[in-house]
Amino acid sequence: MVNNDAINKTAQYVEQTLQGAEAGHDWWHIQRVWKNAQLIGQQEPVDMLVVELAALLHDIADSKFNNGDEEIGPQLAISFLQSIAVDAGVVEHVQQIIRNMSFKASFGEIVFTSPELQVVQDADRLDAIGAIGIARAFTYGGFKNREMYNPNIAPNLNMSKDEYKNSAAPTINHFYEKLLLLTDKMNTTSGKQIAAQRHQFMLHYLEQFYAEWDGFK
Ligand code: ADP
Ligand code: NI
């Protein structure tokens, strides 16, 4: 199968499968990550077929909304790529990326990495910061019925993964617990540059948020 054909078929499959998905992981998120991955990938010595397929399939089944089953995503990706006769080596690499690049994995045990994974991971992380990242955080917080902000609840940087998952902390705390830490975790040079600009934007946003909270603006 010609590469572009495989990519187009995969994009169609993902768009269909994600119909009705929540806003943080819908087809628009995938499109943004796909574009970011193309942009960053151009600057890196990577197999773009692997990068694009992994970007498209990386959230095909988010375990948070599948009773925590981490296997569903990689399995769906494997079955689909096999069904369109993608090369076995490419399928294997893509499923390894999906398995190992999640937000959770980036704060915990990492067992597999590759230049292709690093590109897709950077592309996904970029979508968690900046203006879009802020919108996604408040969307998630609203879905979980969290407070936007509570001056009496300080961010906690020492939570375990499980504590974090079950924490009902206000959404502003997520900036300090995750979002502002992502810039330092970027893998690639171009990813780091884009992240630095988005990081500054979040700092400005927080400054304005607190000023408005106190009625100064
Ligand atoms: P990813 O899909 O990138 O692996 P997650 O599924 O953990 O990441 O998060 C998806 C989106 O929801 C991200 O934009 C993230 O910042 C946001 N999010 C995750 N946990 C929280 C939280 N506790 N409060 C606010 N936003 C959150
Ligand atoms: Ni994602």
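What percentage of the 217 residues in the protein chain is buried? Buried residues account for 33% of them, a residue being buried if 20 or more other C-beta atoms lie within 10 Å of its own, exposed if 12 or fewer, and partly exposed in between, with C-beta atoms placed from the backbone. The structure is a predicted model, in which local features need pLDDT of at least 70 and side-chain atom pairs count only at pLDDT 80 or more, while totals for chains, interfaces and linings use all residues. Residues are numbered from 1 along each chain as its sequence is written, and chains are lettered from A and ligands numbered from 1 in the order in which they are written.

The protein chain contains eleven helices and zero strands; helices (H or I, at least four residues) and strands (E, at least two) are DSSP runs numbered from the N terminus. Along the principal axes, the C-alpha atoms fill a box of roughly 60 × 35 × 30 Å. Of the contacts in the protein chain with a separation of 6 or more, 61% join residues 24 or more positions apart, two residues being in contact if their C-beta atoms, placed from the backbone, lie within 7 Å.

The protein chain is divided into domain 1 (1-107) and domain 2 (128-217), with bounds that come from an automatic or database domain assignment. A distance of 25 Å separates the C-alpha centres of domain 1 and domain 2. Ten residues of domain 1 are in contact with eleven residues of domain 2. On the side of domain 1 that touches domain 2, the elements giving two or more residues are H2 and helix H6 (103-106).

The largest nonpolar core has 41 residues. Such a core is a set of buried Ala, Val, Leu, Ile, Met, Phe, Trp, Tyr and Cys residues joined through C-beta atoms within 7 Å. The residues with the most contacts inside the largest core are Ala 37, Ala 54, Ala 55, Leu 57, Val 94 and Val 120. Among the helices that each supply at least two residues of this core are helix H2 (27-41), helix H4 (72-83), helix H7 (115-126) and helix H11 (189-213). H3 gives the most, with seven residues. Domain 1 and domain 2 both contribute residues to this core, so it lies between them. In soluble globular proteins, nonpolar side chains tend to be buried together.

H7 is mostly covered, with eleven of its twelve residues buried. Its buried residues include Glu 116, Gln 118, Val 120, Asp 122 and Arg 125. The end C-alpha atoms of H7 are 17 Å apart, which agrees with the 16 Å that its twelve residues should span at 1.5 Å a residue; the expected span is 1.5 Å times one less than the number of residues. Not counting residues up to four places away in sequence, Val 120 touches Ala 37, Val 51, Ala 54, Ala 55, His 58, Ile 97 and Met 101.

His 93 is found in helix H5 (residues 88-100) and counts as buried, with 20 C-beta neighbours inside 10 Å. Apart from its neighbours within four places in sequence, His 93 is in contact with Val 50, Ser 114 and Glu 116. His 93 and Ser 114 are 21 residues apart along the chain, and their C-alpha atoms are separated by 8.9 Å.

H8 has 14 residues and reaches 20 Å from its first C-alpha to its last, close to the 20 Å expected at 1.5 Å a residue. Gly 130, Gly 133, Ile 134, Arg 136, Ala 137 and Gly 141 are buried in H8. Seen down the helix axis, the buried residues of H8 fall within an arc of 165°, so they line one face of the helix; the arc is that of the directions from the helix axis to the C-beta atoms. The face of H8 turned away from its buried side carries the exposed residues Ala 131, Ala 135, Gly 142 and Phe 143. H10 and H11 are included in what covers the buried residues of H8.

Two loop residues have a positive phi. Ala 85, in the loop between H4 and H5, has a positive phi of about 60° although it is not a glycine. Ala 85 is exposed, with 11 other C-beta atoms within 10 Å.
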